[in-house]
Each structure stands twice: as structure tokens, then as C-alpha cells.
Amino acid sequence: MGDVAHGRRIIAEMKATCAGLDFRFAIKLQYRHLPEFIHRDYRNRMDLKFVRRFSETALNWEDYRRLKDSIVDAGFLAICTPWDETSVEKIVEHGFDYLKVPSCYLTDWPLAEKIAQTELPVIVSTAGETFDEIDRVVSFYLHRKKLTAIMHCVGEYPTADENLQLNQIDLLKHRYSNVDIGYSTHEAPGQYDAVKMAVAKGATLFEKHVGVPTQQYGLNAYSANPEQVRRWLEAARSATSMAGVENRRHDFSLNEKNTLNELRRAAFARRPIETGEIIGLADIFLSIPGQEGQIAANDLSKYTEFRATRAYAQGEAILYSGVTSNDTRSLLHGIVKDVTTLLRNSRAIVPAQLHLEVSYHYGLERFRECGSTTITVINREYCKRVILILPGQRHPEQWHKQKDETYHMLYGEIDLVLDGQHRRCVLNDVVIIPRGVRHEFSSATGAVIEEISSAYSQDDSYYSDPAITGNLDRKTYVTNWID
């Protein structure tokens, strides 16, 4: 309001309003050098809204400095918005912590060039700007290592609820993932739900117009009084608490763990089980309630083998203390890691959303001796698959009655055997394997093979070793395997 004492009162009351809340707070000013900002022919035109408003609330540079010092003395960070080049110089001279670019000046390139010459981190608002315009500004400031945050903002004062457009926060977070996204609020002062939604959407910086009503000065329709500010901050704190931790799974409470464990089915002996027997799904039934230390249904998978270390009577609970277990899941994780490394080294490109088919013909424990991994890119009347062979691995002899296939070597070398005939295949070799031809291959170096064929069907693979045919549990499919 052009009144330093009133400005200091606002700062003092905001300090009290923010007490006890675990946020970092800043107060922002706006600097204008009116002789430069308002054209000399219009300085007396009080019929023009903004000419009148800025003229009636003007401060000199010493008054600005006094307000900035009060902000710092109150324990706040200091932010300032410049509306002209001279103001940028004064913001630097007065020692502000951050510089804020308003939406209306986001693409003011002469001002942007001046701002970029400073050492201050920059926050920008984006009301009324297209993504093309925002992209250019973000690139400009990021290239100069200045950009700190991008604020979603709607330039209506106040902004009606139906115009808040809070989903824009999601768009900004996705498009500018390397920059913090904030929310510059212009909603009605009594609106406390919007900030909760913004917190839940991941905004990390918030701007609110505030003021202190007095007999001399009233508040505009979008500025909050101290009581409203406190309720707004409490809403933000509540939402932050409800949103919980970021970028990791949260810690699970003991109560949550106990409830889930009580509801899990537990393993009981379906028949008498002797010491030393392997305990499979056919040997147990699953029911509640279980007891502490009992094997649960969640512990059972094709990767884990349980063997009884004592006898169990029919109906008796199967306890961890009465079994040994062998978990091969870590073997699978190691396979995925090594296959991913092989694929990267080959520089072959595959879509990230595809499944990784892990084939272990003689069991997962012998995968590195005999097995393969395959990515099916497309399988219609025609088929494209990518076969990956780790160093020292071989694929056993097989043939197809329906599929006609061609191998194209993308990386490494293989020793290929076609109906007993040996040949070495190297980078860019192309080999046709007609249906009915028995084929096996191995690689000392590791290899990546592009397989082009007619339609692929799992039941069209026939193996020379009947032990493989009899092993129905020889494949695992992995999703989300590419980082």
C-alpha cells in the first residue's frame, strides 16, 4: 500500500501466523522503477487502473530495502519480482535470495536476459502461456543453470474453483521432471481444498497473496488475512502428512503388518509327511488361522523349494523351524541383470514394455549352462523375436513343425548346428532355418539374434531330449525389467 510501517506489520503478523509449522517460508516483494516502467506521457493518467495502483503504492529504493531487511530479520527467505531492468539490479544490490518471474513477463526476453546475468536462482509462473513458450523459457534458464521451480498459475483474481486447472501440475511434473513444480494460488482466501490437492499432486512450492486488514486498508478479493493464512497452512500441513513419503515405499506399521498376517492363509499338511520329503502344493492345504512361524501362502512360489526336517502329521501346521528352503528368485534377478547388460552392450533397441521370456530347460539352477532369454516384439502371421544368449550358454537341440525362421546376428558370435552340420555365425550373418530342421547353438562371447519367422507357438517346439519335453515348468516371464 506504499506504507512501510504497514508492510512491516504484515511481515510481523505472518511470522506469528507461520509459527510452529515445519515449512520453509519466504516473503515476496515486487520491485518497480516507475520512471522506467510507466511511460512519461501516462504518469498522471489515474483513470488507468494499473497506472493509478502502482503510482499510489510507490516506494523509494530505501523503503524497499527497509522492507527487505525486515523480512530477513523475521527469519524469512526473501524473494522479489522485478518489473523492469533497473529493478533487477536493485534486487541484486539488496541481497534477495530468489528472483521470481511473473506470468505476464515470462517471455519478456529483454528482461529475461537481464535476469540471466544475475547469480540468483529463478522461479517462474506460467499463467496464460503455451507449452511452446514455456519450453523456450525453461530451456533458456536451465541452460544458464538458474531455474529453481516452475509454478502452475491461473491469472484470474480471484480464480473460481472450476478454473483452477490443478491437473496442469501433473503435466508440468511430467514435462519438466528435472525441475520442482509449484502452485501460485489466486483462489478465494477461504478456499482450503485446492492446496490439499496441489500437495497430493506433488507440488513442492506454494505462493499465496496475503495481507492484514486495518481501518485504513482493506484486502482485495484474493488476499488472505492472518487467520485465513493459518488455516491454509494447516490444510497444507494436513495434506503433506496424508500424502506421506515420496520416491520410495513407506514404512509399514506394526498394526498393519499384524492385520495382514492374521488374514493370510497358512500351510497345513494334507497328508502325513516324512522327514526329508520335498513339500509341494499337492502335500498341503491352506487355511486360517495360522500361527507365528508358520509357512504362509505368500511364501509359496515355483522359485522356492521346501524340504521337511521332521515328520508332520496330517493337519499339522508346517513351520519354518521344521523345513529347509531353497529360494532361486535371486538367480532370476541375476539373470535379468546380466541379460540387460548384454542387451545394452549390443546397442540393440527393443521396446521397454515387452516381456522378457526366460527359458531354463533343465531348471533355473542350470540356466547359465543351458537356456536362453527371448523378447517377442510381434507375433501375428509373421513374428519378430530377439534371442539373447549369455557367454558360455547353449540352447539345446529343437525343431519346429510349423515355424519357418531366419536368424540375423546383431551382436557376438554363435556356434550353430543344423541337422548335425556345424557353422560359425558372426555379426550380420543371416541364416535360414526351414521347418523340420533340428538346430542348436551356443556362444562363448554372448550373442543377440534377431529371429524373423512365421507365427510362433509354444507348442510347436520339439526337443531331442525328452527330459526337456517333460519339464513343463521351464519358463518365466518378467515385466518391467528395463531400467
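Two strands pair if DSSP finds at least two bridges between them, and strands themselves are DSSP runs (E, at least two residues), just as helices are runs of H or I with at least four, all numbered from the N terminus. With that in hand, welcome to this predicted model, in which local features need pLDDT of at least 70, side-chain atom pairs count only at pLDDT 80 or more, and totals for chains, interfaces and linings use all residues. Residues are numbered from 1 along each chain as its sequence is written, and side-chain values use heavy atoms, with hydrogens and water left out.

**Overall build**

The protein has 13 helices and 24 strands. Its radius of gyration is 34 Å, well over the 23 Å that the globule rule gives for 483 residues, so the protein is more spread out than a compact globule. That radius is taken over C-alpha atoms, and the rule is 2.2 Å times the number of residues to the power 0.38. Along the principal axes, the C-alpha atoms fill a box of roughly 100 × 60 × 35 Å.

Buried residues (under 20% relative accessible area, 1.4 Å probe, protein chains only) make up 43% of the 483. Among contacts (heavy atoms within 4.5 Å) with a separation of 6 or more, 66% link residues 24 or more positions apart.

| Strands | Sense | Bridges | A bridge pair |
|---|---|---|---|
| β5 (residues 147-153) and β6 | parallel | five bridges | methionine 151 and glycine 182 |

In general, strands of a sheet pair through backbone hydrogen bonds, either parallel or antiparallel. The β11 and β12 pair belongs to an open sheet of three strands in the order β9-β11-β12, with antiparallel pairing. At its edges are β9 (278-279) and β12 (323-327), each of which pairs on one side only.

**A closer look at isoleucine 181**

Now to a residue in β6. Isoleucine 181 is in this strand, which covers residues 180-184, and four of the five residues of β6 are buried. Isoleucine 181 is itself buried, with a relative accessible area of 2%. Leaving aside residues up to four places away in sequence, isoleucine 181 touches Ile150, Ile169, Leu172, Lys173, Tyr176, Gly202, Ala203, Thr204 and Leu205. Aspartate 170 is eleven residues from isoleucine 181 along the chain, and their C-alpha atoms are separated by 9.1 Å.

Note on methods:
Buried means under 20% relative accessible area, exposed over 50%, partly exposed in between (1.4 Å probe, protein chains only).
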